[in-house]
Structure formats: structure tokens, C-alpha cells
Amino acid sequence: MHKSVQDIINMKKDEKKISVITSYDYSLASLCDKAGIDILLVGDSAGMVMLGYENTIPVTMDQMCMFTEAVSRARKNSLIVADLPFMSYQASIEEAITNSGRLIKAGADSVKLEGGTPMAETISAIVDIGIPVMGHIGLQPQTTVLTQGYKVQGRTKDTALKLINDAKELEEAGVFSIALEMVSHEIAEIISQTISVPTIGIGSGVGCNGQVLVVQDLLGMYDKLKPKFVRRYMNLSEDIVKALENYKNDIELGIFPAQENWFSMNDGELKKLREEIER
Ligand code: KIV
């Protein structure tokens, strides 16, 4: 049985840190699950790292459902959270519920959406019909990119107070956890100590109850951006390029494929074939 939302809530009570990684495809999601990561987040960052968009705004529900289906086929143990993409939940509560349902049907266990207090009513409606929701405050890539760009949140007393209030309202609305993106570490710690549900930080310091990274960032596979909060655990793009150059070289030298890579006709069949062709 895979992890449940309640297991994640209990981790905070038991003072256990929560590991979260983004996943969008079957192969990598299988490895993340095998590594024992607690939550696979089908993030709308897929738009950037998988589809090459400049930001997450163009991502559609159909795309998110496809990524979610692939991850759900791979998952054995982790909890799956899937992002509601831009404009799939803002226009009306009805649309938010319908689209949350689509992600659950695609294999997610819960959904995530961006926004503080103005989203509380929507979150409450989704939770009321039985779909667990992860909130997402601080930097909200779907909209901050339209107004202020990527910038640390909660650096002043007033913005910090607003963030703390947002977190409380989301807790009240029923979220099972809250992602804190690029929030100053002092405020992330205060929020984590103030609310009862777990906080999952990205660029928000060590005081959060868990951490999330984009898997391509961690593996060193995405070079377009290298935010300060990313820790690269390997440089996979270098290894991949090296492997591909070796492959190309082997083809050109005629040493790939080798005998162990090809198939033969049954014994005696080639001789019979040659005789027939000659006749
Ligand atoms: O889409 C995503 O990857 C996210 C994380 C940055 C939290 O929402």
C-alpha cells in the first residue's frame, strides 16, 4: 500500500522530515519511488523541463493528466500530488472541482494549487468533496511571473505577516500540507511552527517540515536556470552527452552493434535460403 495523506501529516507529528521530488514520466518516477521519496509531485514545472516552455503558464490539463498517468503507473510506495495548471482552478469553484477530479482519475492522490487567502474558498470546496489539497504560497510561478518575476517572498514585516496569514487561512480551509516557495527562511520557520500541517520548502530554508526539488535540477539535467536553492547531486547531462557521443562513435566505427546485440537465423536455414536463391 502506498503512502497516504495521513501518513504525511503524521510525519510532522513524529518530527520526521518529508522528501518530495517532482516526477513527470514512468522511468524516472520508478527510480524516485524506489529511492523511498515520500511524495512524487507531478509539478507544472513539467512545462519547462519536459516541454521546453519559458514558464508554467502554457501548461494544460491534458498535459498534466498525461504526466500524472505515467507517474501513477510507476508508483508503488510514494504519495502522488499533481499540480492544477494555470487557469484550471481560478475561474470558478466548479471548474476547480472538475479539474481536480480529472487529476485524481489520472492517478493522483491529491492536487496542489497556488494561492493564499483568495484561494481558501476553492480549496475548502475541493477538500469537502474528498480530494486532498496541498497549498502553495510564497513565490507562485503561475502568476508572480506576470507581475514581479522570480523573487524572494516575505523579506519585510508586512509581506511576512501576509504570508503567515495566508498559511493559517489555507490550514483552516483544510489543506494537508503547504508548499513554501522562495520564502525567507525565518518566515518559513515561523509558518512551520505556527500551523499543524506540514510545510514543504523549496528555497525556503531548513526550518520547513520537508523539502522539494525539481528532479532535473537535482540530477543536473536542466541547464536553463540554476537557482541558488538547488543542490545538484550529480551532473547527468555531462554523462548523457558523453554516452551519446560514444554511441555515435561506435556506429561510425562499425563496433555497434556487436554479436551480442544481434539475432541469427535457425541452424541450416541460411544454407537452404542461399541454395533457393541460386536456383
Ligand atoms: O511545479 C513544481 O515543480 C512546483 C514546485 C516548485 C513546488 O510546484
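A polar contact here is a pair of N or O atoms within 3.5 Å; within protein, one of them must be able to donate a hydrogen and the other to accept it, and residues adjacent in sequence count only if both atoms are side-chain atoms. With that in hand, we can start at the ligand.

| Residue | Distance from a side-chain N or O atom to a ligand oxygen atom |
|---|---|
| Asp83 | 3.1 Å |
| Lys112 | 2.7 Å |

On its own the ligand has 260 Å² of accessible area, and the protein covers 95% of that. Such areas come from the Shrake-Rupley method with a 1.4 Å probe; for residues, only the protein chains shown count as cover. Around the ligand stand residues including Thr22, Leu41, Gly43, Ser45, His136, Glu181, Ile202 and Val214, each with a heavy atom within 4 Å of the ligand.

A word on the model itself: it is predicted, so local features need pLDDT of at least 70 and side-chain atom pairs count only at pLDDT 80 or more, while totals for chains, interfaces and linings use all residues. Residues are numbered from 1 along each chain as its sequence is written, and side-chain values use heavy atoms, with hydrogens and water left out.

Now for the whole chain. The protein chain holds twelve helices and eight strands, taken as DSSP runs numbered from the N terminus (helices are H or I, at least four residues; strands are E, at least two). Its C-alpha atoms fill a box of roughly 90 × 40 × 40 Å along the principal axes. Of its 279 residues, 47% are buried, meaning under 20% relative accessible area, with exposed over 50% and partly exposed in between (1.4 Å probe, protein chains only). The protein chain exposes about 15000 Å², of which carbon and sulfur atoms supply 55%.

Spanning residues 120-128, helix 6 has Ala120, Thr122, Ile123, Ala125 and Ile126 as its buried residues. These pack against helix 5 (93-105), strand 4 (110-112), strand 5 (133-138) and helix 8 (157-173), where contact means heavy atoms within 4.5 Å. After helix 6 comes Gly130, with a positive phi near 105°.

Which helix holds Leu161? Leu161 lies in helix 8, and it counts as partly exposed because its relative accessibility is 49%. Leu161 and Ile191 are 30 residues apart in sequence, and their C-alpha atoms are 10.0 Å apart in space.
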